[in-house]
Amino acid sequence: EDPTLEEVAFVEAICESPADYVPRLVYSDWLEERGDSRAETIRRQCAEEVRRAELGLGYLLAPWRRWQP
């Protein structure tokens, strides 16, 4: 199935501001209204990115610290 013009506009907005969660979450709402299961995946991805950002560098160093003598 070809994407609608509305869906193309959402994807373009996401591509223009990849670090901004708002376009992705609005797109997720739009997908949910249409019964599209991708909506939940997008929400989970945004939530995971926020969680990682809140943890900061500590998140990246955690595996390395476990192996430190």
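Q: What share of the contacts with a separation of 6 or more comes from residues 24 or more positions apart?
A: Such residues account for 23% of those contacts in the chain, where contact means heavy atoms within 4.5 Å. This is a predicted model, in which local features need pLDDT of at least 70, side-chain atom pairs count only at pLDDT 80 or more, and totals for chains, interfaces and linings use all residues. Residues are numbered from 1 along each chain as its sequence is written, and side-chain values use heavy atoms, with hydrogens and water left out.

Q: How many helices and strands are there?
A: The chain has 4 helices and 0 strands; these are DSSP runs numbered from the N terminus, helices being H or I of at least four residues and strands E of at least two.

Q: Turning to H3, which of its residues are buried?
A: Ala39, Ile42 and Cys46 are the buried residues of H3, buried meaning under 20% relative accessible area with a 1.4 Å probe, protein chains only. They lie on the same side of H3, because they cover an arc of only 70° around the axis, taken from the directions from the helix axis to the C-beta atoms.

Q: And what covers them?
A: The cover of these buried residues includes H2.

Q: What does Cys46 touch?
A: Not counting residues up to four places away in sequence, Cys46 touches Tyr21, Arg24 and Leu25.

Q: What comes just after H3?
A: Glycine 56 follows, with a positive phi of about 65°.

Q: How much of the chain is buried overall?
A: Buried residues make up 17% of its 69 residues.

Terms used: Buried means under 20% relative accessible area, exposed over 50%, partly exposed in between (1.4 Å probe, protein chains only).
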